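Subject: Structure handover

Hello,

I am passing a structure on to you. Please open it alongside this note.

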Amino acid sequence: MDSVFIVSNTSSTMQIISGLFISQPISRIATAQSCTEARRTLLESEFDLIIIDTPLPDEFGDDFALHASDSSRSGIIILVDSTKIDDFGSILEDAGIFAVPKPVSPEFFNQAVKLLVASRRQIQKLESENMRLQSKIEELRMVDRAKCVLIQTLKMTEAQAHRYIEKQSMDLRLTRIAVAEQVLRTYER
């Protein structure tokens, strides 16, 4: 975790929350005192973690939390008065936002941050794997299209078309998708 964005209407709360991160290697801590200011900051920068201390002067803070969840890849913790936590918990949880009841002990807060960071790492791994698989699927589609074109235009069998693409890939030192693109440019009408 490199960057933290703290949204709170009181400087003392910002200092307390910032103090909880002293032992962690954070390169940047940014702050805002209203949702309007926070939205502007979020347009300009990306953060690993956003902490929202409710209520805020221009709105409660739950709408900003939902906005931040939709428009960024940040982990979000919203601090809500313990009497109101049930009102917001399920809506925010569905958006991937951790609702933490106030007052919160430093130990509980640190545990919440660690849990959020761990879950973000898992999500990032899944997103990376998803992108890799999407790329692989796209490659397979392109190669299959090229095989179909070779089968239709050059009357090759499926095995011959496959062998042709593999051999061209090795001989020309190109990826299979690059060979498939060449085949499609050459033979597709």
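Below are the points I found, grouped by topic.

This is a predicted model: local features need pLDDT of at least 70, side-chain atom pairs count only at pLDDT 80 or more, and totals for chains, interfaces and linings use all residues. Residues are numbered from 1 along each chain as its sequence is written, and side-chain values use heavy atoms, with hydrogens and water left out.

Helix pairs

Two packed helices are described by the angle between their axes and the distance between the axes. Axes are lines fitted to C-alpha atoms, for helices over the stretch in contact, and angles run from 0 to 180 degrees between N-to-C directions. Helices are DSSP runs (H or I, at least four residues), numbered from the N terminus.

Start with helix H2 (residues 35-44) and helix H3 (residues 62-71). They pack at about 5°, and their axes are 10 Å apart. H2 and H3 are therefore roughly parallel (angles under 35 degrees). On the H2 side, Cys 35, Ala 38, Arg 39 and Leu 42 make contact (heavy atoms within 4.5 Å) with Asp 63, Phe 64, His 67, Ala 68 and Ser 71 of H3. By class, this contact has five nonpolar, two polar and two charged residues. Here Ala, Val, Leu, Ile, Met, Phe, Trp, Tyr, Cys and Pro count as nonpolar, Asp, Glu, Lys and Arg as charged, and the others, Gly among them, as polar.

Next, helix H6 (residues 158-172) packs on helix H7 (residues 176-187) at about 115°, with the axes 9 Å apart. That makes H6 roughly perpendicular to H7 (65 to 115 degrees). H6 residues in the contact include His 162, Tyr 164 and Ser 169; Arg 176, Val 179, Gln 182 and Val 183 meet them from H7. The contact of H6 with H7 divides into five nonpolar, four polar and two charged residues.

Single residues

Ser 169 lies in H6. Ser 169 is buried, at 12% relative accessibility (buried is under 20% relative accessible area, exposed over 50%, partly exposed in between, with a 1.4 Å probe and protein chains only). Not counting residues up to four places away in sequence, Ser 169 touches Leu 174, Thr 175, Arg 176 and Val 179.

Gln 152 sits in helix H5 (residues 106-154). Gln 152 is exposed, at 56%. Its C-alpha atom is 9.8 Å from that of Glu 188, 36 residues apart along the chain.

Cysteines

How many disulfides are there? The count is zero (a pair of cysteine sulfur atoms within 2.5 Å would qualify). Cys 35 is buried at 0% relative accessibility. Cys 148 is partly exposed at 43%.

Best wishes

Note on methods:
Helix = DSSP H or I, 4+ residues; strand = E, 2+ residues; numbered from the N terminus. Parallel < 35°, antiparallel > 145°, perpendicular 65-115°, else oblique.
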